[in-house]
Amino acid sequence: MRRLTNIPHRRYYGILILTAVLFVAFTLWTGWLQLLFFLLLWGLLAVMPKKTKQAFRYFSGNYWIKAPIYFILIFLFAIFIRVFFFEIYNIPSGSMKNTLLPGDVVVVNKLVYGPELPQSLEEVPWLNIFHTTQDDESTKKVKRLKGFGKIGYNDIIVFDHPSNPSVYVKRCVGLPGDSLKLSGSQLFVNNKLMNNPNGLLNKYWVYSNDQFEKIRKKITQYNADLVHASDSLMIAIMPGKVKIKLEQSSFVDSVKLLTSELKSIYYRKFYKNNQYLINQSGEAQFLAKANDKNKWQNFNFGPVYVPAKGETIQLTSHNISLYREIIEKHEQHTVKEKNGKVYIDERMQDRYQFEQNYYFMLGDNRSNSIDSRTWGFVPEDHLIGKATLILFSRAGEKWMKWDRFFKPLK
C-alpha cells in the first residue's frame, strides 16, 4: 500500500472535494455554524498541501502518535453515529409483550423522525460523564433535525418519560389533533375503529361451571399465560385470537376482558390473599382526572383530545386537569383554578393554544402497561427515535433466542 505522502496531486484534491461535498450536505442538515470550522480546516488543507503532506508523513510514521489519534477518531465517530443515526436500547419490562420481550436489545433509528441536536455535554453519549452541573430543563430549546419520515399510527417509539429521567418504549396510537376513545379492547381514533397490533395482549376472565381442567389445558396449549386459577375463576393473559378460540370451546361459558369493574366485582373476596390481582397502581391515574362523573379507566375512556401545535381548545374545569401538567411543565406557564375559572399566567382564560405537538402511547401488553393512561401525553421534544429492529435477545432463561436475532419490528 502506498504511503499517504505519495498520493497523486489530482487524487489529493479529489479527496478534498469529496469531503467538502459531504460536509456541505451535513451542514445543510444540521445548520450553518459548523461551516465556519470546516472552511478554516479545508482552506488550510487546500492552500498548504506541502505542509499538510509533511504533517501526514510525520503522524503516519510515528506509532505512539498515530495509535491514539486513530482511537480518538474511532471514538468520535461512534459518538457521531449514536447522536445522529442510531441508538441501542435494552427492553427492561414486559409492557410491550409479545412484540418486545424483557431482554430484547433493539436498534432505534433516529433518522426517521430526525435526531435532536445535543444542547449540552450531558446529552452527548459517553462524554456526559464529564458533565458536572445540572441543566435547567425548563430553559432548554430543543432543535430537531429534519427526518426522512413521519410518525405514524402503531409506530414503536423510544422516548424520554415526560415526568422522570427514564427512557420508555411504547406504541404510538394517537397523533397531534386526534380524538381517542378506548372501549374495552377496541380503540377508536377520530371515530374510526383502529386495527389492533398483531399479538396485542389483554387480561381476561375465563369462566366455566365444572370444566376447569380442560380450560387449563387449552390455555397451556395456546401458549397463553395463566396468572390465577381457583374454583370459581381463571385469569389469563392472551391475544384476541386465543380469546376467540376459547369462546368457541364447548366447555367455556364466557371470556371477558378484565376491566376495573370486573376486578371490583369478582376479586373482592380475593383482595387480602391476592392483592396483586387488583393492584390499582397501574390504573388510569391521568385519565381519571378528566371526568369525575364518568370515571374514565384503563379500558373505558374518551374521547380525549391529543394536543397539536398551534391548535386551540376551550378550557373548562373538567378538562384543565388533563392539560395542566403539559401547560405548566412543558410549555412553562402557570395554571390556577379559582371559582370555576382557569387562570394562565395570572390571567383568566377560557381558551389555550398549544405550543408543541404531543402523542398518546399505549403498551401492547395493555393490561400490564403503565403508559399514557397513567402519565399522560408525550411531548414531541421527548421523542428519541423509532424502534425498527431487534438486534438480539436474551429473553427468558436462554442465553440467546435465535428466532429473535435481527428480527424487524412492525
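User: Which backbone nitrogen does the side chain of D155 reach?

Analyst: This is a predicted model. In it, the side chain of D155 reaches the backbone nitrogen of G152, at 2.9 Å. There is a second partner to look at. The side chain of D155 also makes a polar contact with the side chain of Y113, at 2.8 Å.

User: Where does D155 lie in the chain?

Analyst: D155 lies in the loop between β2 (104-109) and β3 (156-160).

User: Is D155 buried or exposed, and why?

Analyst: Start with the cut-off. Buried means under 20% relative accessible area. D155 has 10%, so it counts as buried. Now look around it. Leaving aside neighbours within four places in sequence, D155 is in contact with Y113, K150, K170, R171, C172 and K386.

User: Let me step back. How many helices and strands does the chain have?

Analyst: The chain has 10 helices and 21 strands. Of its 410 residues, 42% count as buried. Its accessible surface comes to about 24,000 Å², and 57% of that belongs to carbon and sulfur atoms.

User: Among contacts between residues at least 6 apart in sequence, what percentage join residues at least 24 apart?

Analyst: The figure is 63%.

User: How do I read a nonpolar core? Which residues touch the most other members of the largest one?

Analyst: First the general idea. In soluble globular proteins, nonpolar side chains tend to be buried together. Now this case. The largest nonpolar core has 45 residues. The members that touch the most others are L180, V206, M238, L287, Y323, F360 and F377. Helix α9 (residues 320-330) gives the most to this core, with five residues.

User: Take M238. What is it in contact with, leaving aside its neighbours within four places in sequence?

Analyst: The list is L200, L201, N202, Y204, V206, A224, K243 and L246. V206 is another of the core members that touch the most others.

User: Next, aromatic rings. How many aromatic pairs does a search of the whole structure find?

Analyst: The search finds 17. Take Y352 and F354 as an example. Their ring centres are 5.3 Å apart.

User: Why is that pair called edge-to-face?

Analyst: Look at the angle between the ring planes. Planes over 60 degrees apart count as edge-to-face. Here the planes stand at 80°, so the pair is edge-to-face.

User: Which residues form one aromatic cluster?

Analyst: The cluster is formed by F286, F301, Y305, Y323, Y352, F354, Y358, F360 and F377. Y323, F360 and F377 are also among the core members that touch the most others.

User: What sits over the ring of F299?

Analyst: The charged end of R373 does, 5.5 Å from the ring centre.

User: Now the backbone. Which peptide bonds here are cis?

Analyst: The general idea comes first. Most residues other than glycine have a negative phi, and most peptide bonds are trans. Here are two cis cases. The bond from K97 to N98 is cis, with omega near 0°. N98 is in the loop between β1 (86-90) and β2. The bond from G302 to P303 is also cis, with omega near 0°. P303 is found in strand β12 (residues 300-305).

User: And phi? What is the phi of N191, and of D345?

Analyst: N191 has a positive phi of about 65°, although it is not a glycine. D345 has a positive phi too, about 55°, and is not a glycine either. N191 is in the loop between β6 (186-189) and β7 (192-193). D345 lies in the loop between β15 (341-344) and β16 (347-349). N191 counts as exposed, at 78% relative accessibility. D345 is partly exposed, at 38%.

User: One last residue. Where is S372, and is it buried or exposed?

Analyst: S372 is in helix α10 (residues 372-375). At 0% relative accessibility, S372 counts as buried.

User: What does the side chain of S372 reach?

Analyst: A polar atom of this side chain lies 2.8 Å from the backbone nitrogen of M361. The side chain also reaches the backbone oxygen of G376, at 2.9 Å. Leaving aside neighbours within four places in sequence, S372 is in contact with F286, Y359, F360, M361 and V378. F286 and F360 belong to the aromatic cluster described above.

Terms used: Residues are numbered from 1 along each chain as its sequence is written. This is a predicted model: local features need pLDDT of at least 70, side-chain atom pairs count only at pLDDT 80 or more; totals for chains, interfaces and linings use all residues. Side-chain values use heavy atoms; hydrogens and water are left out. A nonpolar core is a set of buried Ala, Val, Leu, Ile, Met, Phe, Trp, Tyr and Cys residues joined through side-chain atoms within 4.5 Å. Buried means under 20% relative accessible area, exposed over 50%, partly exposed in between (1.4 Å probe, protein chains only). Helices (H or I, at least four residues) and strands (E, at least two) are DSSP runs, numbered from the N terminus. Contact means heavy atoms within 4.5 Å. A polar contact is a pair of N or O atoms within 3.5 Å; within protein, one must be able to donate a hydrogen and the other to accept it, and residues adjacent in sequence count only if both atoms are side-chain atoms. Accessible areas come from the Shrake-Rupley method with a 1.4 Å probe; for residues, only the protein chains shown count as cover. Rings of Phe, Tyr and Trp (its six-membered ring) pair if their centres lie within 6.5 Å; planes under 30 degrees apart count as stacked, over 60 as edge-to-face and the rest as tilted. A charge sits over a ring if NZ of Lys or CZ of Arg is within 6 Å of the ring centre and within 35 degrees of the ring normal.
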